[in-house]
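Please open the model in your viewer and keep the selection panel at hand. The tour below goes from one selection to the next and says what is found at each stop.

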Amino acid sequence: MRRIILGCVILVSMTWAKSVPVANDALYQKECASCHFGYQPALLNASGWQKVMGNLQDHFGTDASLSQKEHDAILTYVTQNAGNSKLTQGNTTMRISQSPYFIKEHRRIPERLIDQPEVKSLSQCAACHTKAEQGDYSERNIVIPNYGRWE
Amino acid sequence: MKKIFLTLSCSAVVLLAQEFNAPMQAYMNELAKEAKTQNASFERFDAKRGERIFTSKHVGKKGQEMACTSCHTVNLKQSGSNLNTNKTIAPLAPSANKARLTDVAEVQKWLRRNFNDVYHREGSALEKGDVLTYLINQ
């Protein structure tokens, strides 16, 4: 009986429902959604978040440094809510867009639809996922600028 | 007639000279003191020098030429766009965006980051004071 329950728990935590909980932390929204879309913590695993938070002075070529107090509060928030799903599995980088599942899901999108000014890069989730803010990444809510619905 | 003149000139002064709130003014005074320590001939901050700091190009953190205007544009009353992510940036001019230059911690944080991005180093007290003097009048 114990084993069955355990099996169920693992199954539930690994399921991928094409959606993640919203990033509803006010400090996180203020500090981590000022330059780009506020990535939900569940999009990256805990070790990825530790890498991101470990070098904000040189954050993908830009300075995103924070005071110690804000840094520590955000580190706690993202690691406590970090992801553990198909999307985060096997990702040893600090980019959501480098996870094996992410790469597989996005490999069929033509380069010109990504390079265009309305999108800029695959890091700009909300440019195509119209409900990204709500944590919804399902196919039915994808609209690529100058292309239209993906479905 | 005299009275009308007086009111007119008064409102003109109010329109031209935008003021820092008390905490921001205290921060400006700190910067002035620091600038004076670093260079005894320092007299006051200058908006013209600030404008040059804001519009001139430099080799930034990424090794590319850029300026403050690369993200904030030259028209500070209009929205800008982050050149790294294309995210819209609300206007920097206090006349168009009341929240600007009102929170010392916010201003310090962005000046630290933005000087690092554009100048590949932090700004000096003189540079920060000059650029804020330029911005407050926008």
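The stops that follow concern a predicted model.

**Stop 1: chain B as a whole**

Select chain B and colour by secondary structure. Chain B contains 6 helices and 4 strands, and their order along the sequence is α-α-α-β-β-α-β-β-α-α. Of its 138 residues, 38% count as buried. Among contacts in chain B with a separation of 6 or more, 54% are between residues 24 or more positions apart.

**Stop 2: B:E127**

Stay in chain B and select B:E127, which sits in helix α6 (residues 125-136). Is B:E127 buried or exposed? Its relative accessibility is 15%, so B:E127 counts as buried, the cut-off being under 20%. Show the side chain: one of its polar atoms is 2.8 Å from the backbone nitrogen of B:S124. Then display the contacts of B:E127, leaving aside neighbours within four places in sequence; they are B:I53, B:F115, B:R121 and B:E122.

**Stop 3: the interface**

Now show both chains and select the residues in contact across them. On one side there are 18 residues of chain A, and on the other 15 residues of chain B. The area buried between the two chains is about 1,400 Å², with 39% of it from carbon and sulfur atoms.

Next, turn to the polar side of the interface. Between chain A and chain B, 13 residue pairs are in polar contact. The residues on the side of chain A that touches chain B divide into 6 nonpolar, 7 polar and 5 charged. Across this interface there are 2 salt bridges.

**Stop 4: A:E31 and its partners**

Select A:E31 and B:K109. Their side chains form a salt bridge with the closest N and O atoms 2.7 Å apart. The pair crosses between chains, from helix α5 (residues 104-119) of chain B, which holds B:K109, to helix α2 of chain A, which holds A:E31. B:K109 is buried, with a relative accessible area of 9%. A:E31 is buried too, at 9% relative accessibility.

The side chains of A:K30 and A:E31 meet in a salt bridge at 3.3 Å, N to O, and A:K30 counts as partly exposed at 45% relative accessibility.

**Stop 5: a salt bridge within chain A**

Over all chains the count comes to 8 salt bridges. One of them is between A:E139 and A:K18, at 3.2 Å, N to O. A:E139 lies in the loop between α6 and β1 and A:K18 in the loop between α1 (2-14) and α2 (26-32), so the pair ties together parts 121 residues apart in sequence. Both ends are partly exposed: A:E139 has a relative accessible area of 34%, and A:K18 has 35%.

**Stop 6: A:S123**

Last, select A:S123, found in the loop between α6 (111-115) and β1 (143-144) of chain A. A:S123 is buried, with a relative accessible area of 15%. Not counting residues up to four places away in sequence, A:S123 touches A:Y39, A:R95 and A:S97. For a distance check, pick the C-alpha atoms of A:S123 and A:H36: these residues are 87 apart along the chain, and the atoms are separated by 8.5 Å.

Technical notes. Residues are numbered from 1 along each chain as its sequence is written. Chains are lettered from A and ligands numbered from 1 in the order in which they are written. This is a predicted model: local features need pLDDT of at least 70, side-chain atom pairs count only at pLDDT 80 or more; totals for chains, interfaces and linings use all residues. Side-chain values use heavy atoms; hydrogens and water are left out. Contact means heavy atoms within 4.5 Å. Buried area is the accessible area (1.4 Å probe) that two parts lose on being put together, summed over both. A salt bridge is a side-chain nitrogen of Lys or Arg within 4 Å of a carboxyl oxygen of Asp or Glu. A polar contact is a pair of N or O atoms within 3.5 Å; within protein, one must be able to donate a hydrogen and the other to accept it, and residues adjacent in sequence count only if both atoms are side-chain atoms. Ala, Val, Leu, Ile, Met, Phe, Trp, Tyr, Cys and Pro count as nonpolar, Asp, Glu, Lys and Arg as charged, and the others, Gly among them, as polar. Helices (H or I, at least four residues) and strands (E, at least two) are DSSP runs, numbered from the N terminus. Buried means under 20% relative accessible area, exposed over 50%, partly exposed in between (1.4 Å probe, protein chains only).
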